[in-house]
Amino acid sequence: MDLFDIPAAFLIGALTGTGVGGGGLFVLYLTLLRGAEQLRAQWLNLVLFAAVSVSAVPYHLARRKVSPKLLFILVALAVPGTFAGAAIRGAIPAGAVRKIFGGAMLLTGAHVLFGRDKAAFETAENKKT
Amino acid sequence: MTLIPGNKGRASLRLAVLGGLFAGVVNGLLGTGAGTVFFFVAQRIYRDDPGIGAKDCFACAMAAVFPVSLLSLFTYPSVNAGSDLLPALLIPAALGGLLGAFLSDRIGQKTLKKIFAAVVVFGGAYMIAGS
């Protein structure tokens, strides 16, 4: 364990909790700075993201409007999708997963930098809390 | 609040179904990314609903990604779960998540988003270019 792990996990958890983003940051930190293998980093990322969710989701659900029906549809359809994704992951080399992950990060970053979301967090309509 | 406002119900339902499936595939493959897809889907569905904002869409995405992440965990049977890193990271990550949720109502996120984007673009490019 590196002493830097603790503040890094705290900061990435905080970024995730604010809604800025962060799930992929755990993988980037673990693979690029800690030398973890890609699949192991993804597994750790899932555990850590679940930990962040446990603490952040109740806070958000208590203060936001969330449709239970939409939630149910998204989760129900994600279940078979998850197994399909895992099957793809098992069928390709870990190096390819790493490159796909890198591409996904690039797209995500580009979208955040240059995308035009109607629902920007700073717009007046979203000041309601 | 209804799932689909106005007469766009069928299109929104289709988007939710396809988005849910796609988010699962991405999360199953990469161990992350479902939240981004869920957020995009919720934004598209509620884009004409002035009563639903980005923070509501984010709450929906985060609530949906929690069970999906737990499920994804069980698709990694070959990964050594006994990580020495895990105990060190788990509690700080959870505390950070709680602080982040608390701060989400109190800080401007524009700059944070740009920093986040720059980091993931750099990291993504490095991962593609590296061996």
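Two residues count as being in contact if their C-beta atoms, placed from the backbone, lie within 7 Å. Keep that in mind for the views below, which all come from a predicted model.

**View 1. Here's where chain A meets chain B.** Chain A puts 91 residues into the contact, and chain B puts in 92. Helix 3 of chain A gives the most, with 21 residues. Sort the chain A residues that touch chain B by type and you get 55 nonpolar, 23 polar and 13 charged. As for the complex, the predictor gives an ipTM of 0.80 and a pTM of 0.81.

**View 2. Now for chain B and its helices.** Of its 131 residues, 50% count as buried. Take the contacts in chain B between residues at least 6 apart in sequence: 50% of them join residues at least 24 apart.

**View 3. Chain B comes in two pieces, domain 1 and domain 2.** The domain assignment runs domain 1 over 1-76 and domain 2 over 85-131. Going by C-alpha atoms, the centres of these two domains of chain B are 20 Å apart.

**View 4. How confident is the predictor about chain B?** The average pLDDT of chain B is 81, and 87% of the residues score at least 70. Within chain B, confidence is highest in helix 1 (residues 9-30), at a mean of 91, and lowest in helix 5 (residues 110-129), at 79.

Note on methods:
Residues numbered from 1 in each chain as written. Chains lettered and ligands numbered in written order. Predicted model: local features only at pLDDT ≥ 70, side-chain atom pairs only at ≥ 80, totals over all residues. Helix = DSSP H or I, 4+ residues; strand = E, 2+ residues; numbered from the N terminus. Nonpolar A, V, L, I, M, F, W, Y, C, P; charged D, E, K, R; others polar. Domains from an automatic or database assignment. pLDDT = per-residue confidence, 0-100. Buried ≥ 20, exposed ≤ 12 C-beta atoms within 10 Å, placed from the backbone.
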